[in-house]
Amino acid sequence: MIDYLTQTTLLRLLAVLVLVLAPHVAHLPIWENLLLAAVIAWRALISIRQWRLPAPWIRNVISIACFAAVYFNFSSISGLTAGTALLSVMAVLKLLEMRARRDVMVLVLLMYFILITHFLFSQEIWTIAYLLFSAVCITALLMDCNHAGESLPTRVLLRAGAIMVAQAVPLMLIFFVLFPRIPGPLWSLPTDSGAGRTGLSDKMSPGDIASLMQTDEVVFRVRFSGDVPTPQQRYWRGPVFDEFDGRGWQSSKLATQTRTVPTITIGESLSYELTMEASGSRLLLALDTPAPKQLPNDSTLNYSNVLTTAGPINERKVYKGTAYTQYVLQPTLSEMERAHFLQIPEGYNPRTRQLAQQWRGSRINDAEIVNKALLMFRSEKFFYTLQPPKLGRDSIDEFIFNTKQGFCEHYSSSFTFLMRAAGIPARVVTGYQGGEQNPLGDYYVIRQYDAHAWSEVWLAEKGWVRVDPTGAVAPQRVERGFTSSISLANGLPGFIVRQQSNPLRFALNMRWDWVNQKWNAWVLAYGPDLQADFLRNFGIEDWSQMILVMTVLLLLGTLAVSLLLMRQFATVIPRDHALRLWQRVLKKLAKVGISQNPDEGPRDFVDRITRDHPAYGDGMQRVLQAYLKMRYLEEADQTAERELNNAVAAFKPRR
Amino acid sequence: MRFWLIAKIILHPLRYAQERIDAWVLARVKRQPGPIDIPRNRVYIVPTRFGYGFAIMALVMLMGAMNYSNSMAFALTFLLAGLGMICMHHTHANMLNLRMHAGKTRPVFAGEIAHYEIHVENLAKNPRYAIGLAWPKQEANATIGDAPEQGIAVMILTRPTLKRGWQPAGVYSIFTEFPLGLFHAWTWADLDMNCLVYPSPAPPGMELPAVAGVGGHASGGRSGQDEFAGLRNYQRGDTARSIHWKSLPKLQSPMVKQFTETLDRELWLDWNALSHLDTEARLSQLTRWVLEVEELGLAYGLRMPGIVLEPARGETHQHQCLKRLALYDIA
């Protein structure tokens with residue numbers, strides 16, 4: 001006996017499937033989106049037009065073709081995106097062999113899996129609403145499938161589904177807070193688990209930073225526990241590049257050696273708490289310059305004074321940092337090191353070299369040469385723009401002498417080249433600069449568009465000194481942040497234009513970011529450490545206590561639901577209003593010593609009263625008529641009840 | 001015999017244990033005239049196959065969530081775990097306080113299918129969806145229905161009949177997997193219901209016994225067709241066969257054909273006339289005759305060892321005759 005799937009149930013199922021697949025549209029290739037839509041539409045038509053389901057061999061051919069297509073598209077079937085693509089295809093193809101209600105069960109399991117894969121791509125606040133809504137829909141769908149015969153109305157199902165989910169949410173919270181979390185991945189994550197992540201790369205080729213600057217993704221949030229450094233001091237140090245190939249910059253082996261260089265720190269330290277978003281890289285962004293003796297756990301400083309962790313940051317990470325804004329980094333440089341930081345490729349940018357040697361020849365010291373270069377950027381017609389003209393082979397020559405338009409990448413690159421050509425050891429540092437303060441949360445948000453590049457030159461006795469040539473051209477870039485550094489005409493990314501043009505929207509954005517920050521800090525970052533910290537407040541010290549408390553709370557929760565259900569499904573004898581009113585009149589009669597005999601019906605009883613106690617006769621006759629009407633009239637209505645009620649109330653036997 | 005039993009215990013210990021437990025449980029279900037109320041302590045509940053699948057899926061999701069340290073994945077996993085726990089109570093409650101009444105059973109001939117009507121009454125203010133009735137181990141062939149709030153679901157269990165006599169309904173389960181199909185909640189019931197099984201009629205062909213007419217006629221039963229005498233209004237108890245269907249569309253109320261034939265011609269169906277057959281074959285043949293004679297509209301009597309039914313006609317008489325035949329020699 002096959003319990004065939006009704007058309008209503010099938011169309012509902014398709015609707016839920018579309019709901020569950022919808023957010024994946026952005027991650028899947030176009031051909032797959034079209035395929036999914038086509039199969040869903042086909043299955044709907046099969047049901048509506050009563051077509052036949054495709055023969056097994058056709059299904060097999062389609063399945064194999066789809067698997068092959070996914071494999072060739074992603075050249076694997078194991079990664080996150082590929083896995084999602086495969087799961088979606090499987091779920092949709094399952095539709096083509098679905099006849100009975102029971103077949104839906106397998107599909108429901110697949111839908112839950114598809115649902116969970118969304119969260120590997122996005123865990124923003126709205127996803128919780130999406131999660132609950134999807135859960136309600138899938139629960140309603142399951143109910144529909146477990147109900148044989150005619151389909152229940154959608155409203156009834158959704159309501160019942162919502163009730164069940166609402167009852168499950170408290171249990172979810174208990175689990176969420178108390179289920180012992182264990183650190184780290186259980187097995188290696190797929191290589192593309194950070195698919196689509198942007199961030200600083202390990203080399204700087206033209207255009208890299210510009211593309212970063214096109215996104216407003218949050219990189220990290222930071223809260224200073226004491227004094228807040230000035231914007232000019234807020235340089236977050238990322239990859240350092242010391243090798244130039246004529247076109248782009250990269251790190252040499254020396255630069256990435258795990259070796260702390262001597263640093264002399266001056267003045268007071270600054271401490272801060274930094275929440276990094278998952279980046280997939282090992283880089284920890286630290287305020288320049290990190291205190292070498294107070295490094296966060298599991299982190300090391302390399303030769304370029306860049307902070308890295310032991311493993312890639314695949315989840316949000318909070319660390320406490322300490323920094324000194326005044327310092328002498330690497331007071332001495334060996335001859336070999338000096339030569340290393342002076343290397344420039346032969347045969348490139350002859351005019352720049354010539355300029356630099358001209359400066360060198362004018363018998364001024366290194367610091368004066370640095371100032372001369374900065375003065376050049378400031379006084380000549382250099383522009384800060386995110387859409388610079390394309391540069392050719394001698395890119396630095398072209399930039400300095402012809403186009404004069406560019407952004408931090410161009411300025412730091414050409415400045416570093418100039419310094420090296422002039423015989424001053426120099427390198428390019430990338431990272432983030434500035435950041436936006438959120439007044440609500442008293443913290444700073446650093447987004448991808450705060451990505452920046454600057455230079456460091458080595459000066460005798462001062463060590464590596466930060467020089468930001470971009471600041472010479474567009475000082476507001478350094479002082480007030482990226483968003484104020486570019487005028488509208490320069491083709492700003494849309495999201496920044498929006499923010500600037502509407503102060504209300506800006507305020508709302510700030511508030512929203514604050515909510516997001518709380519969400520990140522409390523929900524998404526809820527891992528082993530945070531759990532231990534949080535539960536310690538309640539005196540729960542270790543995982544066995546967590547399990548104990550969790551079990552007790554879960555039992556109490558289910559007990560509450562169970563009691564509620566027992567009430568709902570308890571036997572209810574419908575209230576007999578006629579009887580209730582009749583008993584009320586009997587009580588009145590009992591006070592005057594008249595009672596109904598067990599063998600007496602109402603009519604006989606009232607006849608006896610009329611005979612033996614004529615005073616009560618009229619009143620009781622009225623009660624009797626109303627009672628009989630209410631009890632035995634086929635269509636009992638409110639008037640009959642009211643009549644009886646009045647008659648009973650009016651009947652006042654007196655002794 | 002004993003060898004096979006030992007082999008079974010060794011080869012399929014779980015299945016053997018299961019069978020023993022089932023037999024033990026079924027033997028202890030009390031037969032009751034009804035109504036039967038389903039109390040809390042009589043509702044059993046186990047996960048279904050889908051329920052186990054759901055649990056495994058939740059575990060896999062938990063591993064995934066741990067691996068990616070993904071809070072939202074944890075949230076979904078825990079929500080599903082919560083839903084599973086809640087669902088158990090919903091399924092259990094869906095069975096609770098149901099009241100079962102025995103309904104009608106119509107007599108059938110041996111070899112036909114017996115229908116047992118069972119009324120499932122929902123006394124609560126919540127509707128109960130997808131309540132099923134099934135014979136033991138035949139849940140796949142269950143009859144499933146909804147009992148509206150403060151209402152009754154009329155459900156029918158069917159079972160083929162083999163031999164004449166009373167066929168009790170026996171033990172069956174009342175179960176539900178609503179709302180999510182993760183759990184199977186059930187209890188056993190045995191309402192005192194019996195289906196009367198008439199002997200299966202012998203194949204037609206044997207000549208009817210001669211009519212012993214009071215008026216002295218002695219002709220074959222078939223020649224004694226009655227004459228049509230007109231129509232009269234339908235009265236309760238008239239057989240469907242005697243209704244004059246042709247006139248039904250024209251007249252609002254059904255009319256019944258009347259025949260002049262009365263009790264002046266009688267036909268005795270005699271046990272002793274079939275001495276060449278064995279008991280069951282005789283009963284079958286008599287059954288066939290009862291049906292044929294009733295069809296012809298003759299009055300007939302039944303004579304069997306220890307039983308004499310005076311000649312009469314009509315459904316009640318036919319039922320009486322068939323009942324005697326069904327229960328002949330059955331204690």
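Predicted model: local features only at pLDDT ≥ 70, side-chain atom pairs only at ≥ 80, totals over all residues.
E5(B) pairs with strand E3 of chain B, residues 98-105. The two run antiparallel and are joined by 6 bridges.

Now turn to strand E10 of chain B, residues 172-176. How many of its 5 residues are buried? The count is 5 of 5. Tyr172(B), Ile174(B) and Thr176(B) point one way from the strand. Ser173(B) and Phe175(B) point the other way, and these too are buried.

E6(B) joins it through 4 bridges, antiparallel. In that pairing, Ile131(B) stands opposite Thr176(B). Strand E11 of chain B, residues 183-189, is joined to E10(B) by 5 bridges, and these strands also run antiparallel. The bridge partner of Tyr172(B) in E11(B) is Ala189(B). E10(B) and E11(B) form a hairpin with 6 residues between the strands. In this hairpin, Gly181(B) takes a positive phi near 75 degrees.

Next comes the contact between the chains. It takes 45 residues from chain B and 51 residues from chain A. On the chain B side, the elements that give two or more residues are helix H3 (49-68), H4 and strand E6 (128-134). H4(B) gives the most, with 17 residues. By class, the chain B side has 29 nonpolar, 14 polar and 2 charged residues.

One helix pair shows how H4(B) meets chain A. Helix H5 of chain A, residues 103-121, packs against H4(B), residues 71-95. The angle is about 150 degrees, and the axes lie 8 Å apart. An angle over 145 degrees counts as roughly antiparallel, so H5(A) is roughly antiparallel to H4(B). From H5(A), the residues in contact are Tyr112(A), Leu115(A), Ile116(A) and Phe119(A). From H4(B), they are Met72(B), Ala73(B), Leu76(B) and Leu80(B). By class, this helix contact has 8 nonpolar residues, with no polar and no charged ones.

What about the cores? The largest nonpolar core has 127 residues. Those touching the most other members are Val108(A), Met111(A), Leu141(A), Ala73(B), Leu76(B) and Leu79(B). H4(B) gives the most to this core, with 16 residues. Leaving out residues up to four places away in sequence, Val108(A) touches Ile138(A), Leu141(A) and Leu142(A). A second, separate core has 77 residues, including Tyr324(A), Trp359(A), Phe382(A) and Leu386(A).

Finally, consider chain A as a whole. Its 655 residues include 23 helices and 20 strands. Buried residues make up 36% of the chain. Among its contacts between residues at least 6 apart in sequence, 73% join residues at least 24 apart.

How values were computed
Residues numbered from 1 in each chain as written. Chains lettered and ligands numbered in written order. Axes fitted to C-alpha atoms, helices over the stretch in contact; angles between N-to-C directions. Parallel < 35°, antiparallel > 145°, perpendicular 65-115°, else oblique. Contact = placed C-beta atoms within 7 Å. Nonpolar A, V, L, I, M, F, W, Y, C, P; charged D, E, K, R; others polar. Core = buried A, V, L, I, M, F, W, Y, C linked by C-beta atoms within 7 Å. Buried ≥ 20, exposed ≤ 12 C-beta atoms within 10 Å, placed from the backbone. Pairing = 2+ DSSP bridges.
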